[in-house]
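Please look over the sequence and the model first.

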Amino acid sequence: MDDVFGRANFQNNVRWKRMSVSGFKGKLKLPFNHESIFLYTRSDQFTFNPQCQEYTDEYKSRFRYKDANGRLYRADQNLGTATAPETIVQMRKDGLIHEGENGKLYRKQFLEELPGVYLDDVWTDVPWVTAGNERIAYPTQKPEALLERIISLSSNEGDLVADFFCGSGTTAAVAEKLGRKWIATDLGKFGIHTTRKRLIQVQRELKAGGKPFRAFEVLNLGRYERQAYLNVSSRLTGKKKAEALQRKEQEFRALILRAYKAEPLQDDPFFDGKHAARLVAIGPINLPVGRLFVEEVITECRKRGASRADILAFEFEMGLFPAVLDEAKRKGIDVAPKIIPPEVFDKRAVDKGQVRFSDVAYVEANPRYDAKDKLTVSIELTDFSVHYSQGIADELAHGLKEGKSEVVCDTGTLYKVSKDKKGIVTREALTKNWTDWVDYWAVDFHYESRKEIIQVAKTMGVEGEIPGLVDASSGEFIEFEERWTGAYIFENQWQSFRTRKDRSLELTSAPHTYTKPGRYTVAVKVIDIFGNDTMALIPVSVG
């Protein structure tokens, strides 16, 4: 914080007491029961809106006098001899004078006239998030009352509030309710998904109450982990730069194989490794795996007489599955596409064997045309196929302590694995229908109407890695140009999702009416209970 804002801009350390303490903990050691909230500003010019909290009984006890009208007051200010006699006379008429011992005169301060007790840097009146309407069981969730106080103190309506580690989305939700603009970011896909559902719920509540609300977008800002890992010095040119990039990519592929617990194949011109009896091919680092790459895997398997292969990739082209897998099976090849998770960049997770590669899911949805209105169509979600397999069910059951249980995914079904005190292991299926996997789904009826445009450096440095407008080494100005990424921005024009209280899910969207006849591309996005996105494109013709 000192590096970002400057040590001179540290303003205060707010101590927030979270909850009452259970007595038994204090017998062992002093319990941890507060958080420190560091208050920094960007300069000595900043927004500060004083906030008041409700009167405590201790504070009310200071107002120990009562006037003829029953109003509580305290003797606040000794008027002394400096106060003009005519002022004293008028204050007596207004009932504002309190006469103390030895004839001293004081100004009455009425309790009802004060806005409350002005906040200091110790907050004891904001309780921790407990079971109820607000709690969504996110591990780092903070109470809305805490964020409401922070945002109200430091911003005005219409200001921009940013939270770059948004977690469950409390900051964005409160900012929306308070009429602030907001930006919320997170590296965790589950955090983004939780925030999205929460903000849609806020929109619905504001709409029901007749209050204004705004639309928001969920955007993927790029392959930042891969770019950072593969970044090489911009000072290298020609052959040296190519060699450095090749070396980085080799190291990158070795990291992925280690996370996948696969054995590298040093002299194989196509496959990168071997996992048990399956060959392993890692797809392009910065491009989605398409049909051509899968067909090459099938061809290479047939050349070697191999029948099983895994394809590891960060992204796969939409609409690739299940057709291409069925084609591979007809040729006698079992191809398993696997998503490389972001945790592959966490060395500790790799070393501990905690990186889980998930299988690709696919969506089936069909248009339902209105019999009376030829321009109106609804979308029905008809299937969501998942084949997740963490591959650790037996290993987990073996290492499970007696009387304990864990949740594990095996061949597309979620199981609760338990071991009783006699050492007997049982498995209870938690998912029984394909709909059990769907936590959220949404429809964009005009998917290809908004291209995703980014700005990239035109001449200097590595694309996406330029920190500012001037190159730090040469001092030259960096020119940027707009470029289409090849993708489109998904807009949630309709959605249905489960909440902790309401587990129901609509499987047919609300009808959408197009303004004119024609062919349109509809995008259907499904987010499963693990926070993974799967999208399908559906062509529709109306009119």
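Two residues are in contact when heavy atoms of theirs lie within 4.5 Å of each other. By this criterion, and not counting residues up to four places away in sequence, S152 touches N49, Q51, L178 and R180. The model is a predicted one, in which local features need pLDDT of at least 70 and side-chain atom pairs count only at pLDDT 80 or more, while totals for chains, interfaces and linings use all residues. Residues are numbered from 1 along each chain as its sequence is written, and side-chain values use heavy atoms, with hydrogens and water left out.

S152 has its place in helix α4; helices (H or I, at least four residues) and strands (E, at least two) are DSSP runs, numbered from the N terminus. With a relative accessibility of 15%, S152 counts as buried, a word that stands for under 20% relative accessible area, with exposed for over 50% and partly exposed for values in between (1.4 Å probe, protein chains only).

**Helix pairs**

Two packed helices are described by the angle between their axes and the distance between the axes. The axes are lines fitted to C-alpha atoms, for helices over the stretch in contact, and the angles run from 0 to 180 degrees between N-to-C directions.

| Helix pair | Angle between axes | Distance between axes |
|---|---|---|
| α4 (144–154) and α5 (170–177) | about 60 degrees | 9 Å |
| α5 and α6 (189–208) | roughly 20 degrees | within 9 Å |
| α9 and α10 | about 15 degrees | 11 Å |

Angles under 35 degrees count as roughly parallel, over 145 as roughly antiparallel, 65 to 115 as roughly perpendicular, and the rest as oblique. The angle between α4 and α5 makes this pair oblique, and the contact is made by E144, L147, E148 and I151 of α4 together with T170, T171, V174, A175 and K177 of α5. By class, that contact has 4 nonpolar, 2 polar and 3 charged residues, where Ala, Val, Leu, Ile, Met, Phe, Trp, Tyr, Cys and Pro count as nonpolar, Asp, Glu, Lys and Arg as charged, and the others, Gly among them, as polar.

Helix α5 is roughly parallel to α6. Here T170, A172, A173, E176 and K177 in α5 meet R198, L199, V202, E205 and L206 in α6, and this contact has 5 nonpolar, 1 polar and 4 charged residues.

Helices α9 and α10 are likewise roughly parallel to each other. R291, V294, E295 and I298 in α9 meet A323, V324, E327 and A328 in α10, a contact that divides into 5 nonpolar, no polar and 3 charged residues.

**The two sides of α10**

In α10, which spans residues 323–330, V324, L325, E327 and A328 are buried. These residues lie on the same side of α10 because they cover an arc of only 155 degrees around the axis, the arc being that of the directions from the helix axis to the C-beta atoms. The buried residues of α10 pack against α9 (291–304) and β16 (334–339), whereas K329 and R330, on the other side of α10, are exposed. The helix is followed by G332, whose phi is positive, near 80 degrees.

**Positive phi in two loops**

K261 is found in the loop between α8 (238–259) and β12 (263–264), and its phi is near 60 degrees, a positive value in a residue other than glycine. At 53% relative accessibility, K261 counts as exposed. A276 is found in the loop between β13 (273–275) and β14 (278–282); phi of A276, also a residue other than glycine, is positive, near 55 degrees. A276 is exposed, with a relative accessible area of 70%.
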